[in-house]
Amino acid sequence: MQKILKRAIFAVVCAIAFTVLFAAFALRAGDGAAEPLATQVQKAAAPKYVFSQFQGRLALYERGGAMPVEIYDVYLSSLPPEEQERVTAGIPAQTDEEILKIIEDYTS
């Protein structure tokens, strides 16, 4: 009888230890996965391109770029003050369609 009781206690202790270890690994794996996911969400939310100004003209920058990808013959001084502020603050663009729309808005 004692032998059966010892085996039962041993089985319960092993099951508890296994459950605790499994939970610890699951939580640790979940923490590691959450950080890259948050980073991915931030990158997805950040615009791929930004319209701003370069030497007083409308310019297109890639995200994080120091120099413009393209500079347009649109002088900020020719724009209304609110548009000048908008360009100076940066106009985000994610897709080619958005870029074309913004270029059309400012060049036509």
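Select Gln 55 first: its relative accessibility is 68%, so Gln 55 counts as exposed (exposed means over 50% relative accessible area, buried under 20%, and partly exposed in between, with a 1.4 Å probe and protein chains only). The model is predicted, so local features need pLDDT of at least 70 and side-chain atom pairs count only at pLDDT 80 or more, while totals for chains, interfaces and linings use all residues. Residues are numbered from 1 along each chain as its sequence is written, and side-chain values use heavy atoms, with hydrogens and water left out.

Gln 55 sits in the loop between strand E1 (49-54) and strand E2 (57-62). Helices (H or I, at least four residues) and strands (E, at least two) are DSSP runs, numbered from the N terminus. Most residues other than glycine have a negative phi.

Next, select E1 and E2 together. The two strands form a hairpin with two residues between them, and they pair in the antiparallel sense over six bridges; two strands pair if DSSP finds at least two bridges between them.

In which order do the four strands lie? The open sheet runs E3-E2-E1-E4, with antiparallel pairing. Strand E3 (70-75) and strand E4 (91-93) stand at the edges with a single partner strand each, so one side of each has no neighbour in the sheet. Neighbouring strands are turned by 30° against each other on average, direction ignored; axes are lines fitted to C-alpha atoms, for helices over the stretch in contact, and angles run from 0 to 180 degrees between N-to-C directions.

On one side, E2 and E3 pair in the antiparallel sense over three bridges, and Leu 60 has Glu 70 as its bridge partner in E3. On the other, E1 and E4 pair in the antiparallel sense over three bridges, with Tyr 49 opposite Ala 93 in E4.

Helix H2 (residues 81-89) lies across E1, E2 and E4 and runs at about 120° to E1. Helix H3 (residues 96-107) packs on the sheet and touches E1, E2, E3 and E4, its direction making about 140° with that of E4; contact means heavy atoms within 4.5 Å.

Return to the side chains and display the aromatic rings. Rings of Phe, Tyr and Trp (its six-membered ring) pair if their centres lie within 6.5 Å; planes under 30 degrees apart count as stacked, over 60 as edge-to-face and the rest as tilted. By this rule there is one aromatic pair. The ring centres of Phe 51 and Tyr 72 are 6.2 Å apart and their planes stand at 35°, so the pair is tilted. Because Phe 51 lies in strand E1 and Tyr 72 in strand E3, the pair ties together parts 21 residues apart in sequence. Are these residues buried or exposed? Phe 51 is buried, with a relative accessible area of 0%, and Tyr 72 is buried at 14%.

The chain holds three helices and four strands, running α-β-β-β-α-β-α from the N terminus on. Of its 108 residues, 19% count as buried.
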